[in-house]
Amino acid sequence: MMKTQIADERIQVSLKQLMRLKHDTHGFSFLSNQPLRSKLMGRKRSTIRGRGLDFKELRDYRPGDDIRNVDWRVTNRMGKPYVRLYTEEKDRPVMIVVDQRSNMHFGSQWKMKSVIAAELAALCAWQALDEGDRVGFIMLSEHRHVECQPTRSRAKLQQYLALLVKFNQEINKPSVTDTVISMAALLKKAERFITHDYLMLIISDFIDGQKSIMPSLAKMAQHNDIVACYVYEQLEHDIHQLDKVVVGDGKYQLQISANNNALADKYNRYTQQSLLAMQTGFAKHKIPTLYFSTELNVASQLRQHLGAS
């Protein structure tokens, strides 16, 4: 009798793996009241604006009311001060963009970038749901993408996570199309429905050039909270310690000697310049960046970034 082969969860993610993470959503939050140690905390306030406000009523001004809420048009018409009262929306849409393209299927020490990205997406989704927010996804593989509308349903979220598992495993399946989906094209489409008061988490290694993705991100960042979650593999930033490197594109392979210091230096300079361009681009538009290594537990890294003690 043949035994069922169990996939290595360091290489390919499983639904069971993502479901387990709902028990690990403690010690961090994406609400606007960020801890002082959180990387989402600006110099004077949280960089997360929080949920939007719903208009509740218009009434006469009373001592202690915030003068910023005075409705001057009504005040001038009625001859006495009136204020507009608001209540905080009960939830907000949280959209999680998960990169599962071929560039994410790499890892040298513990887990693939694609696995870390999927785990991080699941953790953020479970936490947002616990906080009363609606959660949706935009999933991206090499040749297709899918948009999952924000939901409060745990059963629906489980369906989304099952779809994420399929996206993660598409690297092993032959493609039915030669069309390649870029992050820039995906974000351009997202402009249509990421309108205002969204929290948008983008989980990727951001291999795409900043010039291609920043126009859309800058536009959406004007009325939404955007957080960049940078998933990285240390080997991609420094190859000096390698003896021999074999690179390939799925069809051809090339062996490179890392003892060639000139080549290693050139490669490392290129990756450092790319990293600096990413940091500069996000900082310019006040998009906070959280860093996630493939060598460490993703939940622990998330708690550390968001100020957990």
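1. Basis. Local features in this predicted model need pLDDT of at least 70, side-chain atom pairs count only at pLDDT 80 or more, and totals for chains, interfaces and linings use all residues. Residues are numbered from 1 along each chain as its sequence is written, and side-chain values use heavy atoms, with hydrogens and water left out.

2. V74. Helix α2, residues 72-78, contains V74; helices are DSSP runs of H or I of at least four residues and strands are runs of E of at least two, numbered from the N terminus. V74 counts as buried because its relative accessibility is 10% (buried is under 20% relative accessible area, exposed over 50%, partly exposed in between, with a 1.4 Å probe and protein chains only). Beyond its neighbours within four places in sequence, V74 is in contact with L58 and Y82 (heavy atoms within 4.5 Å). Between the C-alpha atoms of V74 and D60, 14 residues apart along the chain, the separation is 10.0 Å.

3. Pocket lining. The second largest pocket has 20 lining residues, and D205, F206, I207, Y270 and S274 lie nearest its centre. A pocket is an open set of points on a 1 Å grid over the protein atoms alone, where a 1.4 Å probe fits, with protein on both sides within 12 Å along at least five of seven lines; lining residues have an atom within 4 Å of a point. Helix α7 (261-284) and strand β7 (225-232) each supply at least two lining residues, and α7 gives the most, with seven.

4. T289. Strand β10, residues 289-293, includes T289. With a relative accessible area of 16%, T289 is buried. Setting aside residues up to four places away in sequence, T289 touches A228, Y230, M278 and F282.
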